[in-house]
Amino acid sequence: MPLDIAYSTCPHDCPSACALEVERIDGERIGRIRGARGQSYTAGVVCAKVARYAERQHHPARLSHPLRRVGEKGVGTPAFERISWEEALDEVAHRLKSAAEHYGSESVWPYYYSGTMGLVQRDGINRFRHALRYSRESLTICTGLADAGWRAGVGHKRGIDGREIEQSDLVVCWGGNPVSTEVNLVTHIERARRRRGAKLVVIDPYRTPTAEIADWHLAPLPGTDGALACAVMHVLFKEGCADREYMARYTDDPQGLEAHLESRDPAWAARITGLAEEEILAFARLYGRTKKSYIRAGYGFSRSRNGAMQLFAVTCLPSVSGAWAHEGGGAMYSNHHLFPLDRTLIEGLDVLDPKVRILDQSRIGPVLCGDPSDLGSGPPVKALFIQNTNPMVVAPDSRLVHRGFRREDLFICVHEQFMTETAAMADIVLPATTFLEHDDIYTAGAHHFLQIARAVLPPFGEARSNHEVLSSLARRLGVSHRGFTMSALEIIDWTLRASGLGDAERLSQERWIDGRPPFETAHFLDGFPQPDGKFHFRARWGATGHPLPAFPDHVDIIDRGDAEHPFRLVPAPSRSFLNTTFNETPSSLAREGRPTARLHPEVLRELGIAEGERVRIGNRRGSLVVHARAAAGQQKRVVVVEGLWPNHAFEEGVGINLLTSAEAGPPKGGAVFHDTSVWLRPA
Ligand SMILES: Nc1nc2c(c(=O)[nH]1)N[C@H]1C(S)=C(S)[C@@H](COP(=O)(O)OP(=O)(O)OC[C@H]3O[C@@H](n4cnc5c(=O)[nH]c(N)nc54)[C@H](O)[C@@H]3O)O[C@H]1N2
Ligand SMILES: Nc1nc2c(c(=O)[nH]1)N[C@H]1C(S)=C(S)[C@@H](COP(=O)(O)OP(=O)(O)OC[C@H]3O[C@@H](n4cnc5c(=O)[nH]c(N)nc54)[C@H](O)[C@@H]3O)O[C@H]1N2
Ligand code: SF4
Ligand SMILES: [Mo]
């Protein structure tokens with residue numbers, strides 16, 4: 001059978017955005033997927049779940065035609081009947097229109113996230129929203145807190161090129177688990193270890209697969225990294241490892257910072273973090289004496305009420321040591337704003353009305369349940385149109401989310417590839433194409449490439465792309481915006497040209513553009529992207545009425561727990577699922593086993609639970625049962641449940657986000673998944 005290699009880009013919500021080479025069989029099916037060798041960040045490597053993407057692409061449960069729910073909500077496929085695209089689109093258009101007519105346009109909430117990271121297929125929903133004055137969405141669930149923390153000091157969402165890690169002598173993975181969540185980073189770290197004997201330090205509350213391969217694992221309590229970072233800086237100042245010349249030139253207030261840190265010594269941080277004082281001191285000395293030190297800030301330690309501050313505090317380290325100035329030195333969080341892309345056409349910024357209300361995506365539970373602090377003076381949400389996300393599982397405080405989705409007066413349309421637990425709540429379900437079946441362009445969190453992926457397969461069944469569906473609805477709703485008359489490729493072409501980045505034809509041929517800036521700019525030696533050109537030790541948080549101070553610190557606003565809730569839950573990502581994507585493929589399910597709590601061996605003993613037995617975890621929001629597993633390398637108070645399992649994988653049908661809070665982290669919102677105190681009992 002004829003086999004050829006097609007080029008693509010991984011669309012999933014993963015910093016790596018790998019350049020892919022896809023085996024194509026008969027032009028209809030795919031075989032194995034490999035990482036492109038020629039793209040120097042991907043460097044020929046992809047994760048196991050995407051290597052076997054054929055399992056997901058050709059999964060027997062892919063949605064192939066539009067469906068109308070005729071049975072109970074939440075049951076899934078048996079509760080739906082097949083309908084035509086015409087019927088489905090007519091009904092959705094009718095229901096959105098009637099909600100807007102009766103309750104105002106803000107009663108419609110187009111709700112999305114990053115199931116695909118393709119700019120056209122992901123963000124086109126904003127053009128639809130703005131053209132119809134539907135409620136806006138604040139994208140807080142993943143990056144809200146981390147963005148605020150990074151920007152407070154550095155100013156702009158770009159960092160030191162991961163390819164420079166080859167030149168580093170010390171790599172610190174801080175609150176991230178790249179072995180599971182961003183495998184390509186490990187390629188570059190391993191090169192530095194092999195070639196230069198670089199050290200790898202992992203800072204994570206539990207022994208992740210990344211901690212297992214590290215030279216050194218520091219396991220603080222969740223939500224205490226601000227204290228650790230301050231103590232490290234305290235030592236740098238005390239022991240002559242602070243680069244005063246660098247700070248005088250490139251930072252705003254080094255004297256103020258030094259005075260502020262005077263009282264924040266390792267003994268103070270040891271009390272807060274639960275680490276030993278000597279450990280903190282030794283790490284500070286290692287960091288302070290290594291100029292080519294590269295901090296890879298993950299998202300994990302930003303998912304706390306004090307998360308923006310935690311990330312900010314860590315970005316201050318290379319500004320005290322001066323590591324930013326050295327090749328292989330500095331820090332990295334995300335590069336999503338590296339390319340100055342003109343997003344006007346994709347997102348319909350020309351028709352955005354800033355007066356339209358903004359709803360917080362992480363608070364979808366409270367929003368749907370009518371919380372006045374979310375709705376403001378606007379109407380209740382009466383219609384949801386969902387693409388690219390699975391809030392019935394991924395959003396915090398599931399109890400409220402589920403109650404909201406069960407409302408009989410709420411119209412729900414879900415455009416999906418699978419009958420997710422969110423789709424099962426919909427009135428109309430529309431089948432979506434995968435990245436192999438539509439065109440798009442991609443920036444990346446972790447690297448410096450802008451990439452394209454052209455469709456390499458025909459759409460499965462009757463599946464249509466996000467762009468096609470939005471265009472058909474827009475026509476039915478009388479929207480005249482030109483974006484809805486163009487193809488995805490025409491939008492890509494316009495966007496590239498308007499951004500001075502060539503055109504679609506050229507990018508299709510070249511596959512990627514390397515946007516690495518010159519060394520001086522990349523390392524902020526021509527100034528930090530702040531109004532005064534300096535790194536800010538004094539954060540201007542850009543919002544009022546929040547509890548974050550200006551200087552880096554431990555801010556004690558976390559859910560610390562109490563006598564009734566002595567444990568701290570970390571519901572971290574698993575290796576074989578990507579959020580909830582892949583939690584439907586047989587090999588991922590087989591590798592992950594079942595929902596499991598990792599507990600300190602002494603805690604198991606104290607609870608009288610044997611390895612593999614059931615344990616109930618709960619707090620004021622509810623409780624659920626998982627199986628226990630003894631895990632060394634974490635503090636006694638820490639409980640880890642890797643996910644994201646479907647709700648139905650739990651005995652009582654509700655998943656881990658039953659326990660997490662929908663409280664918005666300061667300064668401007670953000671989900672606080674890893675900031676949850678709980679109790680444990682034998683089940
Ligand atoms: N296989 C796989 N890959 C993924 C994903 C997935 O679910 N599975 N998800 C994708 C997405 S959407 C994202 S945003 C990224 C996320 O990838 P990461 O940047 O790795 O961030 P998190 O997944 O939130 O958490 C990572 C680690 O942070 C730790 N952590 C939690 N709280 C704290 C804390 O207070 N301090 C410290 N030091 N560590 C803490 C957790 O224990 C966890 O090991 O990965 C992407 N890639
Ligand atoms: N407990 C806990 N909860 C978490 C996290 C955690 O660490 N712990 N992580 C949080 C984070 S970081 C994130 S980013 C969120 C992510 O949560 P989600 O954004 O909901 O991510 P997924 O679960 O992968 O859902 C994406 C959905 O998009 C669909 N999809 C993919 N491509 C397309 C397309 O082209 N068109 C359409 N219409 N659909 C498509 C997929 O089939 C999938 O069902 O979860 C958050 N929730
Ligand atoms: S590592 Fe991330 S970007 Fe690369 S193939 Fe896997 S999911 Fe996709
Ligand atoms: Mo995320």
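Visitor: How far is an oxygen atom of ligand 1 from a polar backbone atom of Gly175?

Guide: The separation is 3.3 Å between an oxygen atom of ligand 1 and a polar backbone atom of Gly175. This is a predicted model, in which local features need pLDDT of at least 70 and side-chain atom pairs count only at pLDDT 80 or more, while totals for chains, interfaces and linings use all residues. Residues are numbered from 1 along each chain as its sequence is written, chains are lettered from A and ligands numbered from 1 in the order in which they are written, and side-chain values use heavy atoms, with hydrogens and water left out.

Visitor: And where does Gly223 come in, how far is its backbone N or O atom from ligand 1?

Guide: A backbone N or O atom of Gly223 lies 2.7 Å from an oxygen atom of ligand 1, and a polar backbone atom of Tyr299 is 2.8 Å from an oxygen atom of ligand 1. The protein covers 97% of the 910 Å² of accessible area that ligand 1 has on its own, as computed by the Shrake-Rupley method with a 1.4 Å probe.

Visitor: Which residues are closest to ligand 1?

Guide: Of the 33 residues that surround ligand 1, the closest are Asp204, Gly223, Asp225, Pro573 and Phe577, a residue being counted if one of its heavy atoms lies within 4 Å. At least three residues of this shell come from each of domain 2 (146–333) and domain 3 (567–682), with bounds taken from an automatic or database domain assignment.

Visitor: OK, ligand 2 then. Which side chains have an N or O atom listed against its nitrogen atoms?

Guide: An N or O atom in the side chain of Asn388 is 3.3 Å from a nitrogen atom of ligand 2, and one in the side chain of Gln417 is 3.1 Å from a nitrogen atom of ligand 2. For Glu416, a side-chain N or O atom is 2.5 Å from an oxygen atom of ligand 2. Protein covers 96% of the 910 Å² of accessible area that ligand 2 has on its own.

Visitor: Which domains does the shell around ligand 2 draw on?

Guide: Domain 1 (67–142 + 339–514) and domain 3 (567–682) each supply at least three residues to the shell around ligand 2.

Visitor: Switching topic, why is strand S9 largely enclosed?

Guide: Four of the five residues of strand S9 (residues 199–203) are buried, so the rest of the structure largely encloses this strand. Buried means under 20% relative accessible area, exposed over 50%, and partly exposed in between (1.4 Å probe, protein chains only). Strands here are DSSP runs of E of at least two residues, helices are runs of H or I of at least four, and both are numbered from the N terminus.

Visitor: What pairs with S9?

Guide: Strand S8 (residues 170–174) pairs with S9 in the parallel sense over five bridges, and Cys173 stands opposite Val202 there. Strand S10 (residues 216–218) also runs parallel to S9, joined by three bridges, with Trp216 as the partner of Val201. Two strands pair if DSSP finds at least two bridges between them.

Visitor: Is Asp397 buried or exposed?

Guide: Asp397 is buried, with a relative accessible area of 8%, and its phi is positive, near 55°.

Technical notes:
Polar contact = N/O pair within 3.5 Å; in protein donor to acceptor, adjacent residues only side chain to side chain.
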